[in-house]
2 protein chains.
Amino acid sequence: MTEEKPNAFYAQSGGVTAVINASACGVIEACRENQEIGKVFAGRNGIIGALTEDLIDTSFESSSAIAALRHTPAGAFGSCRHKLKDPKENSTEYARLIEVFKAHNIKYFFYNGGGDSQDTTNKVATFSLENDYPLTCIGIPKTVDNDLPITDNCPGFGSVAKYVAVSIKEAGFDVASMSRTSTKVFVLEVMGRHAGWIAAAGGLASNQDGDAPHIILFPEIEFDEKKFLAKVDHCVNEYGYCAVVVSEGVRRKNGAFLADSGLTDAFGHSQLGGAAPVIATLIQKNLGLKYHWAVADYLQRAARHIASKTDVEQAYALGAAAVEMALAGKNAVMPIIVRASSKPYSWSISHTELVNVANIEKKLPRHYITEDGFGITTACKDYLSPLIMGEDYPPYTDGLPDYVRLQNKPVAKKIKEDFDLGGNKSTISPLK
Amino acid sequence: MTEEKPNAFYAQSGGVTAVINASACGVIEACRENQEIGKVFAGRNGIIGALTEDLIDTSFESSSAIAALRHTPAGAFGSCRHKLKDPKENSTEYARLIEVFKAHNIKYFFYNGGGDSQDTTNKVATFSLENDYPLTCIGIPKTVDNDLPITDNCPGFGSVAKYVAVSIKEAGFDVASMSRTSTKVFVLEVMGRHAGWIAAAGGLASNQDGDAPHIILFPEIEFDEKKFLAKVDHCVNEYGYCAVVVSEGVRRKNGAFLADSGLTDAFGHSQLGGAAPVIATLIQKNLGLKYHWAVADYLQRAARHIASKTDVEQAYALGAAAVEMALAGKNAVMPIIVRASSKPYSWSISHTELVNVANIEKKLPRHYITEDGFGITTACKDYLSPLIMGEDYPPYTDGLPDYVRLQNKPVAKKIKEDFDLGGNKSTISPLK
């Protein structure tokens, strides 16, 4: 009897994106192509799937279904917001992960997420080493916020950036048409809790003086109401209208978010939303101008229909590279994008130790923001522009994109004991 | 000396759409192709351009620039919200129009707008007849709301419908991924003051039980808070999450809009916005579920990047047909879409008298809404589905759509006297 090939575990973590499934596609296709890895088991709803031994056997999925992940937004296996405790304080979850991995002969751990998840991946790597379980741990970057360090950019960001730039360009044309007798100010709220990368991408829509957006509000720049209103007034006088992109993370002088709903998520982050109506009301009250506002919310990060081709290619390549690195014997690393040149754009894949990226947020550097704090500089445009290049349209049937739904067949459980998700219970409702 | 060919006047009115410029393209290309019409003069900012003798000479635009209108959203010549007074009460504006048309040898009047504008076109036709000025008046339908009678559908609607269906499908995939530990309810607010056509289009995203959207809130159905909350609760228990599409025009039992900002536009319509946050707050307060909400606002009607091919073709064809009808001697009519069959979809162009469409709103018939009031029926799907068929992507440069900006060169003024826009002054700010 020959020894069974070791299996791989793959999970999606945190907020999903238009291209996280392209990374899943890269992982699964790369695993299928080589002879060293058995099956790819995916975590149903991310790491919770591993903790509760709720694994998905991806080997039941056809090659065309897996290929279709490349053009399907959101998380095909489900994601979750569940941060593992520090193993120094409580190692129960880590021990459980190893127990489940052992039971299913899982020797490869691929974790697709942002800074929090890279921290978790690193802790799992350390714990398995200390507990003599041979587990190769590779993080795969994903975050619409583009806030991971070391890597030139993060998969998921390029597509949100393209969505925001296209949307504010289109809305700018709309408001310009209407401004003579109707709407003078349009405000678009975009994501970005602490980093203004997404808001900055709106600036790509502007090619010449007077183009929308006229004002961008970044979380990196303290909101100055008086200065902002003066700028709006100036734009309306100068161009006939004013288009504003505001990041959800913009704060007042006292540190409070412009729109703080008072809720927090499982990571303890505030749940934001509603900066646009706050801004619009300020404008109406102080300048008496007719406004319209939009809040893109999930639409922006799910918008696979207008994904950046560059982003899709990089997301796929990073997934495939994670498998190659694992097979090459690397551990506790994350594949990264390295930019060789912006014009013409040229990139390659390298890697970094997970410890370098865990829990570090890369904010927009000050020299990417214009001196007045309301726009982006040429340096910023040069950085952002390649990331939205190219269109990668999904196939359509009856006027709607053909997104795939996998079968997601469960792997038979091998462990008798259920696992108590403990302190995170309150945020978890029973699955059907 | 031969007599100069008569010129045509074209203007855009009211809220712009992703395809109103495709109608403009149809008008201008059809005029250029025949030998009977001289130049096409466009009204800068709609009918105000005619009243103030602020005409744009489209003959300066290259054929490629005019062709590019077909893939450019919003109003290339500017639109306006300015309703002419009833000529029986005050005919000053009508007399001025005739004066300007006479001065510029304009014998054709093409007015591209919704119900209010068709009413205006009809009044101009009557006034010119009564005052012995030979003016051929043709209305061209345009409204994202799809609320004009007689015509099977309105240009502009199909593209908004496609945007809303694609967006709620994508957001539905997103929320489904997140719902295990995070967001359980997603609310998307769409346009539609009095008619639920746009909200209904969201229903096209759902192919099987459990697909998003799970709930649609129509302006035609009185909002029943208790019933709504029970349905949300049911969906979250049944499917793990709930996706809601809410029309901005949804009203409570007392007749008040769910979100009434208290402002009104130049036509006296209330300016709405913010039904989504109201709904989301209700859900949070009563069911304690984590939510996200989006308000698409102008993004939906400007979204040329995801326009319906059917819509673009019809918008263009109606513009061209308006010219053909004018040359065939028709007057005070509007070209309309006639549906021969839904499966396979087949349509042609006919026409109706303007008096039949002026100021009549076509609401969603009750049999298009499911019995519980929260969804659309098969009959509704059969009607809507062909309207979002086909993609018609604009060309891209550097990752962004190549939308055209015309030169919009003015026609030299011939009339000494300025025109006082009078009662509408308050809504009009000085042009630069």
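I begin with Ala125(B), a residue of helix α5 (residues 115–130) of chain B; helices here are DSSP runs of H or I with at least four residues, strands are runs of E with at least two, and both are numbered from the N terminus. The model is a predicted one, in which local features need pLDDT of at least 70, side-chain atom pairs count only at pLDDT 80 or more, and totals for chains, interfaces and linings use all residues. Residues are numbered from 1 along each chain as its sequence is written, while chains are lettered from A and ligands numbered from 1 in the order in which they are written.

Is Ala125(B) buried or exposed? Ala125(B) is buried because 23 other C-beta atoms lie within 10 Å, the cut-offs being 20 or more for buried, 12 or fewer for exposed, and partly exposed in between, with C-beta atoms placed from the backbone. Beyond four places in sequence, Ala125(B) contacts Cys137(B), Asn331(B), Ala332(B) and Leu354(B); contact means that C-beta atoms, placed from the backbone, lie within 7 Å. Its C-alpha atom is separated by 7.0 Å from that of Leu135(B), 10 residues apart along the chain.

I turn now to the interface between the chains. Here 66 residues of chain B are in contact with 66 residues of chain A. On the side of chain B, the elements giving two or more residues are α6 (157–178), β11 (291–295), α10 (298–302) and β15 (400–401). The largest share, 13 residues, comes from α6(B).

Finally, the domain assignment of chain A, automatic or from a database, gives domain 1 (7–142 + 306–359 + 391–427) and domain 2 (157–304). Their centres, taken over C-alpha atoms, are separated by 33 Å. The contact takes 21 residues from domain 1 of chain A and 13 residues from domain 2 of chain A.

Notes. Two residues are in contact if their C-beta atoms, placed from the backbone, lie within 7 Å.
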